[in-house]
Amino acid sequence: MRPIRGVILATVSIVALTQSISVGADIQPVDFTHNAVDAPAPVAGAVFGTGPAVKTGTALCTTATQATANATTDCETSSVGPHNETSIAVNPTDPLNMIGGANDYQLGLNPGGHVSETVLSRAHVTFDGGKTWSMYPVNSSSTYQATGDPALAFDASGRAYYATLGFRFVGPGNAQNPDVLVSTSSDQGRTWNTARVAQGSGVFSSVGDLLDKEYVAAWDSGNAIVTYGDFRLGQKGAFISAKIYSSVTHDGGNSWSTPALISGSLDQAFVSIPAVAADGRIFVAFLNTTDLSTGRDDYEVVEVSPSTGERIAGPTKVATTIDGFTDYPIALGRQTYQDSTFRTWAAGNIATDPTNAAHLAVVWSDMRNSTTPANGNPYIAKTNSDVIVSQSFDRGAHWTPPTSLVLAGDQFMPWGAYDTAGRLRIGMFDRSADAANHMYNYSLATETGSGTLAFTSAAVSTAQSDPTKGNRWFAPTLNPDFPRPTAFIGDYSNIAATAGGGVVAYWTDLRNDVTFAGLTKKGEDAYFAKLS
C-alpha cells in the first residue's frame, strides 16, 4: 500500500474518464500511498467491520492436495473475499516449508444486505513443498481490524518474520493511520507473536504520520530489519514530507531498535525494500520524487548498518523512472494501463547476488518505451510498460544504465531475486501473450548468465487473468464495453529463490469464479508455482 499521491500541480485539473480530479497545493505525483485500506472497497458500499474470531496456532483451513503446476493457497470459507498483494519466503532449514502473505479480505453480508469488511492478513503455510496449504491467523487479538502490505522473510535458523501495517477502524469509513507490525514464528508459521515496531498518528485526512509500505529482510539467527515510509501530513491530510526509516532486531523480533531515518535529506521518499548481501551488508532501495515538475521518481539506494539500522552510505541515485504525471493514463485518480482501472506504479525491489557480495540489482517497471505523454483516458491510451533493470558491481556506488526487458504489451510490478548460480530472476505480471493487451500471465524472466542482463522469459501461470472486465471485486464500471474491471490487484507480487537453484512464485490470480451476494464473477486468489 502506498499513500495517495493524488495531487499534481497547483491550480491544475485532470479529467480521468467521468471523474474530474482537482489538484491542490500539494505537489506529490499521482498515487503516493498504497495500502489495502486506501484501496477501493471490494464491494461497493462495504464498510469497515469486525472479522470472525480466530485463534493463533490453529489452522483456519487446509487446501486439498494439488498436483498441478499452479496451486491456490486460499481455502478460508468462513468468510469470502479477495486475496492479493502477495509475498513469499522459503525456510532455509526446511525447503518444503514456505510461508506466503497476502491482503486477505473477510467480507460479511448481514440480513439487510449490507456488507462489512476486514482485511486481516493470514499466513499461507505449506509443509510439503506447495502441494497443500493451510491458512493460519497471524494476530488473534482485536487490537487491529485490518493489516496489509504483507512482507515475509526467514532468518538462517528458520524463524519467520511477517511484517504488515496494522489499522484500527474509527468508524464505518475511517481508520487511524497505521502502525508497523512484525510478527514472528518459530514453529514454521503456525503460531505468531506480534510486536509494534513503529506507531502512526492521526487518522486519514488529518494531521499525523501515515506509515506505509513496510518490508522486512532477515539474516543469521535472530536478526532482521524492517524499513517503511513515514508520510508527514498537515491540516486536512495535506502532504508535508515523505521519508524512509529502518529498525532492527537481534533477538528474534522480541525487541526492535528506535527507528532511524535512512533517506538522508530526501523528503519525497516512499516504497523501500531492504536486502542482505552475501557478506551481511544491508542495502535499501526506495523511490523519491525528485522532479516535482514532471512527477517522475528516482530510484535511490542506501547502505545501512546491520547493527543499528542507521544509514552509513548514500543515498545514491540508480536511475530516473519514467512514471510521472503524464506518463500513464489515469483511472479513479490512479495511474493505470490500457483499457484498465487497476492502480499501478513503477516500484520493484533490490536483489543481492549470493555468489558476489558486491553485485546488486534494482528492478522496476516504467513507461520509457511507451508513448508519452499518454492519453489520460485508459480507454483511448495505448500503453507499453516494460521491466527495467540496473545493476552495480561495487556495492551500490555506481549503477549501469537502465536496461529494458523488451516484450510486447505491458509488464508491471516486477520482483527480482538472484538464484544460487548468480542469475537474476524476475517475476512480473505480463500481457505479452494477449494481442489486445488486456489479459496477463504471471511470468518469469531468467538471466542467461550472471551479470549479462540478457533474459529469456516464460509464463508461470497456466491460465490468463483478465483485469479489464468480468470481476467480482473492486469493480466499478467506467466504460460499458468493459463491465466490471477490477480496480485493485494489489501493489506487488513476488518471487523467492530456493536452495536448489530455482525460484518460487506467488501472485494475484483472477482465474476462478467466486459468488458473493448472489453475483458470480472472477475472484482474486493467491497462486503458487515452483520453478527450476
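**Backbone exceptions and a disulfide**

Arg484 lies in the loop between strand 34 (455-459) and strand 35 (494-497), where helices (H or I, at least four residues) and strands (E, at least two) are DSSP runs numbered from the N terminus. The model is predicted, so that local features need pLDDT of at least 70 and side-chain atom pairs count only at pLDDT 80 or more, while totals for chains, interfaces and linings use all residues. Residues are numbered from 1 along each chain as its sequence is written, and side-chain values use heavy atoms, with hydrogens and water left out.

Although Arg484 is not a glycine, its phi is positive, at about 55 degrees, and with 22% relative accessibility Arg484 counts as partly exposed, a class that falls between buried (under 20% relative accessible area) and exposed (over 50%), using a 1.4 Å probe and protein chains only. Leu332, in the loop between strand 25 (330-331) and strand 26 (334-335), likewise has a positive phi, near 55 degrees, and is partly exposed at a relative accessible area of 32%. Most residues other than glycine have a negative phi, and most peptide bonds are trans.

Cis peptide bonds join Gly314 to Pro315, with omega about 10 degrees, and Thr372 to Pro373, with omega about 0 degrees. Pro315 sits in strand 24 (residues 311-321), whereas Pro373 belongs to the loop between strand 28 (360-366) and strand 29 (386-392).

The structure holds 1 disulfide, a pair of cysteine sulfur atoms within 2.5 Å; the sulfur atoms of Cys61 and Cys75 are 2.1 Å apart. Both cysteines, Cys61 and Cys75, are buried, and their link is right-handed, with 80 degrees about the S-S bond.
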